[in-house]
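Please look at the sequence and the structure shown here, and keep both in view while reading.

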Amino acid sequence: MSTLKAVRGTRDLLPPETALWNRIEATARSVFGRYNFGEIRTPIFEDTSLFARGVGEETDIVSKEMYTWEDRARAQSEKSQMLTLRPENTAGVVRAYIEHKLGETGQLQKLYYIGPQFRRERPQKGRYRQFFQVGAEVIGPQSAGSESPLRDAEVLEMLATLLDELGITGWMLHLNSVGSSADRERYNQALREALVPVQDKMCVDCQRRAVTNPLRVLDCKVPEDQPIIETLPKIADSLDEESKEHFAAVTAALDAAGVPYTRNYRLVRGLDYYTRTTFEFTHGGLGAQNALLGGGRYDGLSEAIGGPKAPGIGFAIGLDRLVLTLQSQAGDAPVAAVKVDAYIAPMADAKDAEKLKTINAAGLALARELRRAGLSIELGEGSFRLKKSFDAADKTARRIVILGEDELQSGILTVKDFSSGVQTKVPRAELAALLAG
Ligand code: AMP
């Protein structure tokens, strides 16, 4: 029988690497908490039409990459429906915002999420079919100030703080404005016209995009197309006064806060819902997939999926890529496994079943006592010979505690510290304090 493996594009995350994942997630929660964000958890699958309407039919995500299936009805009262594993989380958050009428609170909703997303992309380093995002959204009625450029700048400043606190050095913030939907319409028209004489010379994807969604031409990575794309009109020239002012206010606030950025006119991003501010943070250590995170403003998204007007701005960070970046910064040094405070080695004659049972039970009782005192403990096995216990302890723990029949009776335990080599005898009542040191 052939051995079963994790599906292409998915992977297992194992200790000790998962400790790094946990640290990143804990830092994100701590930073988001300081900016008064609360956590939201939405379902991993949603009605397919949420993404078709919310993300956009013509995007790569919706047209090629979604895991969609027909979920058959199980009862007469149910209908079959098309479901999709979420390829991103913003549409789900906005769906929840509408469903729970969060806009009626009159407050800005500041929500963050951490979880897996699914896209059928070609797997490579930093690109997986199941990957993890940490993201946040600021969304609310206009009266709550949800359209203010201050919100954009604050979100960007928060991201800069998060990356700094994680210890990621050398990140770059690329910033653009794709304008209002009217500006985009105008720009799309300008692009469409400019593409007519040149599109024959471009890749097949661009030829299709030139007709269906010219903005997406700017995402093209085909080297031969780049000189042509450089000659196309820039979106900055299609922005109306309001959009220009909005963008100028975002950059003024970033300047005041001392957050560095570069303008990138081609940053239109792969999702259709963006309006005005769009951004990406990149890192040189990532190679071809150099985007650490991306996001932007989506003032029309709620209405596009049937909700009230609810302007918003958000981002999604690729957690897999944060991990890769931190690992590449640390060099190739393997992540050291953290050692527990002590290894308890129950010792009994393996041939005496009664004694073995007693000493193992006593081992569990001692481990329970110490763990409840806050210590990290590995519990050995009474049938191991002394050398085997020492070898196992040395690999996992800073100290070994011997618990043989004599120790059990006298209540005096033998402790050996592996780093100093010192062996001590200590009364059971003082053991926890000694191990905590
Ligand atoms: P997006 O939702 O496409 O705006 O992506 C936001 C961020 O998620 C990107 O900047 C990446 O860091 C990460 N990301 C997107 N797709 C993948 C993928 N297939 N594998 C790993 N990370 C991804």
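Strand β6 covers residues 130–139, and eight of its 10 residues are buried, so the strand is largely enclosed by the rest of the structure. The model is a predicted one, and what follows describes that prediction.

What lies beside β6? Strand β5, residues 109–118, is joined to β6 by 10 bridges, and the two run antiparallel. Within this pairing, tyrosine 113 is found opposite glycine 135 of β6. Strand β11, residues 312–318, also pairs with β6 in the antiparallel sense, here over seven bridges. In this second pairing valine 138 stands opposite isoleucine 313 of β11.

Is glutamine 133 buried or exposed? Its relative accessibility is 9%, and buried means under 20%, so glutamine 133 counts as buried. Neighbours within four places in sequence left aside, glutamine 133 is in contact with Glu88, Asn89, Tyr113, Ile114, Gly115, Gln117, Arg119, Ala316, Ile317 and Leu319.

The view can now widen to the sheet. Strands of a sheet pair through backbone hydrogen bonds, and they may do so either parallel or antiparallel. In this model eight strands form an open sheet, in the order β1-β5-β6-β11-β10-β9-β7-β8, with mixed pairing. Which strands are at the edges? They are β1 (38–39) and β8 (262–263), each of which pairs on one side only.

Glutamate 39 belongs to β1. With a relative accessible area of 32%, glutamate 39 is partly exposed, a class that lies between the buried limit of 20% and the exposed limit of 50%. Apart from neighbours within four places in sequence, glutamate 39 is in contact with Arg29 and Tyr112. Proline 16 is 23 residues away from glutamate 39 along the chain, and the C-alpha atoms of the two are separated by 26 Å.

Proline 16 has a backbone feature of its own. The peptide bond from proline 15 to proline 16 is cis, with omega near 5 degrees. Proline 16 is placed in the segment before α1 (17–34). Asparagine 36 is not a glycine, yet has a positive phi of about 65 degrees. The relative accessible area of asparagine 36 is 60%, and the residue is exposed.

Arginine 276 is another residue to look at for its backbone angle. Phi of arginine 276 is near 55 degrees, a positive value in a residue other than glycine. Arginine 276 sits in strand β9, residues 275–283. Is arginine 276 exposed or buried? Arginine 276 is buried, with a relative accessible area of 9%.

Strand β14 (residues 399–403) pairs with strand β15 (residues 412–417) in the antiparallel sense over four bridges. In β15, lysine 416 is the bridge partner of isoleucine 400. Strand β16, residues 423–427, pairs with β15 over five bridges, and that pairing is antiparallel too. Here valine 415 has threonine 424 in β16 as its bridge partner. The hairpin of β15 and β16 has five residues between the strands, and glycine 421 in this hairpin takes a positive phi near 80 degrees.

Last comes the chain as a whole. How many helices and strands are there in the protein chain? The protein chain has 15 helices and 16 strands. Its radius of gyration is 28 Å, well over the 22 Å that the globule rule gives for 437 residues, so the chain is more spread out than a compact globule. The C-alpha atoms fill a box of roughly 90 × 60 × 50 Å along the principal axes.

Of the 437 residues, 47% count as buried. Among contacts with a separation of 6 or more, 69% are between residues 24 or more positions apart. The protein chain exposes about 21800 Å², of which carbon and sulfur atoms supply 53%. There are 56 positive and 59 negative side chains, and the centres of these two sets lie 5 Å apart.

Terms used: Residues are numbered from 1 along each chain as its sequence is written. This is a predicted model: local features need pLDDT of at least 70, side-chain atom pairs count only at pLDDT 80 or more; totals for chains, interfaces and linings use all residues. Side-chain values use heavy atoms; hydrogens and water are left out. The radius of gyration is taken over C-alpha atoms; the globule rule is 2.2 Å times the number of residues to the power 0.38. Buried means under 20% relative accessible area, exposed over 50%, partly exposed in between (1.4 Å probe, protein chains only). Contact means heavy atoms within 4.5 Å. Accessible areas come from the Shrake-Rupley method with a 1.4 Å probe; for residues, only the protein chains shown count as cover. Lys and Arg count as positive and Asp and Glu as negative; His and the chain ends are not counted. The place of a charge is taken as NZ of Lys, CZ of Arg, CG of Asp or CD of Glu. Two strands pair if DSSP finds at least two bridges between them.
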